[in-house]
Amino acid sequence: MNLTLGIIKPDAVSKGLTGKILDRILSEGFQIRAMKLVHLTKKQAEGFYAVHKDKGFFEELTNFMSSAPCVVMVLEKENAVEEWRKLMGATNPAEAAEGTLRKQFGSSIGENAVHGSDSKENAEIEIAYFFNKLELV
Ligand code: ADP
Ligand code: MG
């Protein structure tokens, strides 16, 4: 079994979609090992997305991610990283496959409802950004 970091982003939390998304996560066989509601500061959002600091959308992304609370969680499943990205769908909701969370709940390439780590290595880094070992059940 392995772990990935998932985030229900501010757009989805603000629209009251947290319960629907958690329901889907559990019904797809993920275990939630840790979870909390956080309102990121701009600096914390910049730190989390530091890999994108040279992209044109960095300012928009970090403003959005610090605009309202989000739900951060550690998800466990076999092939957690790949399985969670598959359930999320493509970055742009308009290009995401039917049945994916971004297709169903995302509204634009920026406000796309959920985040997921893109590799095992980054999952470890991202989990440690939000949770210490004692918080992992
Ligand atoms: P993913 O979240 O699918 O791994 P990226 O790592 O490429 O996608 O981008 C991180 C986040 O930045 C995206 O989920 C989205 O919120 C935002 N983003 C990506 N591309 C754009 C863009 N062209 N315009 C605005 N926001 C974007
Ligand atoms: Mg990414």
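1. Which residues are around ligand 1? They are Lys9, His52, Phe57, Glu60, Leu61, Arg85, Thr91, Arg102, Ile109, Gly110 and Asn112, where near means a heavy atom within 4 Å.

2. This is a predicted model, in which local features need pLDDT of at least 70, side-chain atom pairs count only at pLDDT 80 or more, and totals for chains, interfaces and linings use all residues. Residues are numbered from 1 along each chain, chains are lettered from A and ligands numbered from 1 in the order written, and side-chain values use heavy atoms, without hydrogens and water.

3. The shell around ligand 1 divides into three nonpolar, four polar and four charged residues. Here Asp, Glu, Lys and Arg count as charged, Ala, Val, Leu, Ile, Met, Phe, Trp, Tyr, Cys and Pro as nonpolar, and the others, Gly among them, as polar.

4. Polar contacts (pairs of N or O atoms within 3.5 Å) come next. An oxygen atom of ligand 1 is 2.8 Å from a polar backbone atom of Gly110. On the side-chain side, an N or O atom of His52 is 2.9 Å from a ligand 1 oxygen, and a polar atom of Arg85 is 3.0 Å from a ligand 1 oxygen. Taken alone, ligand 1 exposes 530 Å², of which the protein buries 80% (Shrake-Rupley method, 1.4 Å probe).

5. The protein chain has seven helices and four strands, taken as DSSP runs (helices H or I, at least four residues; strands E, at least two). Along the sequence the pattern is β-α-α-β-α-α-β-α-α-β-α.

6. The C-alpha trace of the protein chain spans about 35 × 35 × 25 Å along its principal axes.

How values were computed
Polar contact = N/O pair within 3.5 Å; in protein donor to acceptor, adjacent residues only side chain to side chain.
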